[in-house]
Amino acid sequence: MQTDTIKIGISACLAGEKVRFDTGHKKSNFCMDELGKYVEYTRFCPEVAVGLPIPRPTIRQVRVGDTIKVCRPDGTGDVGPKLTEYGKKVATEQAQNLSGFVFCAKSPSCGMERIKIYNEAGTGNTSEGVGFFAEQIMKHNPLLPCEENGRLNDMHLRENFVMRVYAYKQWQLLASEPLTVHKLTQFHSQYKYLLMAHNYQAYRDLGNLLGTYKGDDINALAGEYILGLMNGLKKPASRRNNCNTLMHLQGYFKKDLSKIEKQELRNAIDEYRQGIVPLYVPLTLLKHHLKVHPNEYLEKQVFFNPYPNELKLRYGI
């Protein structure tokens, strides 16, 4: 059975470990000092795991004919096969217990994308590679939320990654028990407005998927559902989609609020639409009205609290 502890994989150098080729690290303050208060990290350094020393010569991806090596600039010491083997081992034996992964950008082993691949002469390169270790993690765990440290400096990508980690963890908890269509429908109901804010088409498609299901293969249904949910949540919510979702939520209070309160809420949503205030301003008002006028259905909506408010991730979007 899954526990409530959220476990995230992370490149060891981002956790502050001095495992880089020059004995340094690339500690991520956000990951370790902020998000680290709420999650537990499992640290990985593929280079050290496959036997490379600290310090060590730099390695990079080099194209040799139809193959790509991960080796020293002079072409010696290829550790590509070992990195692939280690990545596959972690991907198939440990990653199922993780709810997310943060990789070190630009690394020939850990980078998610745009890794430089050099020619044999070392006189040119293209930025089309994927880190050998990261590639295996992502290939064998397509649902796992993954991000790079550099991209986490973008507030929208940071918020989106953390939101997906928490959503995936909730799915893992649900899937650790026997599934039923009723349980899936309840789960989807809680994510309705969060999904609406990120991908309206996915919101409609998944609702239809569950509403019209008449088969008997619950695992196939669950697999199709969670793939659709995680893909739908992957794109950061636009201001326009958030406004649409806020207005839907506003409609639940039309019989409860005074004329002045309604106008105040409309103004807050409009100011968010114009970029004058961040998302948390209209959300705070909606949460206040929900406390004053309880609604069991709305209280279960993950959109209101997709992760700990103390992270302040909606202050910058």
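## Basis

The model is predicted: local features need pLDDT of at least 70, side-chain atom pairs count only at pLDDT 80 or more, and totals for chains, interfaces and linings use all residues. Residues are numbered from 1 along each chain as its sequence is written, and side-chain values use heavy atoms, with hydrogens and water left out.

Helices (H or I, at least four residues) and strands (E, at least two) are DSSP runs, numbered from the N terminus. Axes are lines fitted to C-alpha atoms, for helices over the stretch in contact. Angles run from 0 to 180 degrees between N-to-C directions. Angles under 35 degrees count as roughly parallel, over 145 as roughly antiparallel, 65 to 115 as roughly perpendicular and the rest as oblique.

## Helix 10 and its partners

Helix 10 (residues 239–250) packs against helix 11 (residues 259–273) at about 170 degrees. Their axes are 9 Å apart. Helix 10 and helix 11 are therefore roughly antiparallel. Contact means heavy atoms within 4.5 Å. On the helix 10 side, the contact uses Arg239, Asn242, Cys243, Leu246, Met247 and Gln250. Helix 11 answers with Lys262, Leu265, Arg266, Ile269, Tyr272 and Arg273. This contact holds six nonpolar, two polar and four charged residues. For these classes, Ala, Val, Leu, Ile, Met, Phe, Trp, Tyr, Cys and Pro count as nonpolar, Asp, Glu, Lys and Arg as charged, and the others, Gly among them, as polar.

Helix 10 also packs with helix 12 (residues 280–292), at an angle of about 15 degrees. Here the axes lie 11 Å apart. The two helices are therefore roughly parallel. Leu246, Leu249 and Gln250 of helix 10 meet Pro282, Leu283 and Leu286 of helix 12. By class, that contact has five nonpolar, one polar and no charged residues.

## Helix 5 against helix 9

The axes of helix 5 and helix 9 come within 10 Å and cross at roughly 165 degrees. That makes helix 5 roughly antiparallel to helix 9. The crossing is right-handed. From helix 5, the contact takes Asn160, Met163, Arg164, Ala167, Tyr168 and Trp171. From helix 9, it takes Ala222, Tyr225, Ile226, Met230 and Leu233. Nine of these residues are nonpolar, one is polar and one is charged.

## Pockets

Pockets and cavities are found on a 1 Å grid over the protein atoms alone. A pocket is an open set of points with protein on both sides within 12 Å along at least five of seven lines. A cavity is a set where a 1.4 Å probe fits but cannot get out. Lining residues have an atom within 4 Å of a point. Grid points are joined across faces, edges and corners, and a volume is the space filled by probe spheres set on the points.

The largest pocket holds about 560 Å³. Its lining has 28 residues, with Arg20, Ile59, Lys106, Ser107 and Pro108 nearest the centre. Helix 2 (46–49), strand 3 (60–64) and strand 6 (115–118) each give two or more residues. Strand 6 supplies the largest share, three residues. The lining divides into 15 nonpolar, five polar and eight charged residues.

The second largest pocket has a volume of about 350 Å³. It is lined by 20 residues, and Met112, Leu144, Cys146, Arg164 and Lys234 are the closest to its centre. Strand 8 (146–148), helix 5 (155–175) and helix 9 (218–233) each give two or more residues. Helix 5 gives the largest share, four residues. The lining comprises 12 nonpolar, three polar and five charged residues.

## Cavity

The count is one cavity of 30 Å³ or more. The largest cavity has a volume of about 80 Å³. Residues lining this cavity include His156, Glu159, His198, Asn242, Phe303 and Arg314. Helix 5 and helix 7 (192–198) are the elements that give two or more residues. Helix 7 gives the most, with three. The classes are seven nonpolar, three polar and two charged.

## Backbone features

Most residues other than glycine have a negative phi, and most peptide bonds are trans. Ile54 and Pro55 are joined by a cis peptide bond, with omega about -5 degrees. Pro55 sits in the loop between helix 2 and strand 3.

Thr23 has a positive phi, near 70 degrees. Thr23 lies in the loop between strand 1 (7–11) and helix 1 (29–34).

Terms used: A crossing is left-handed if the near helix is turned anticlockwise from the far one by less than a right angle, and right-handed if clockwise.
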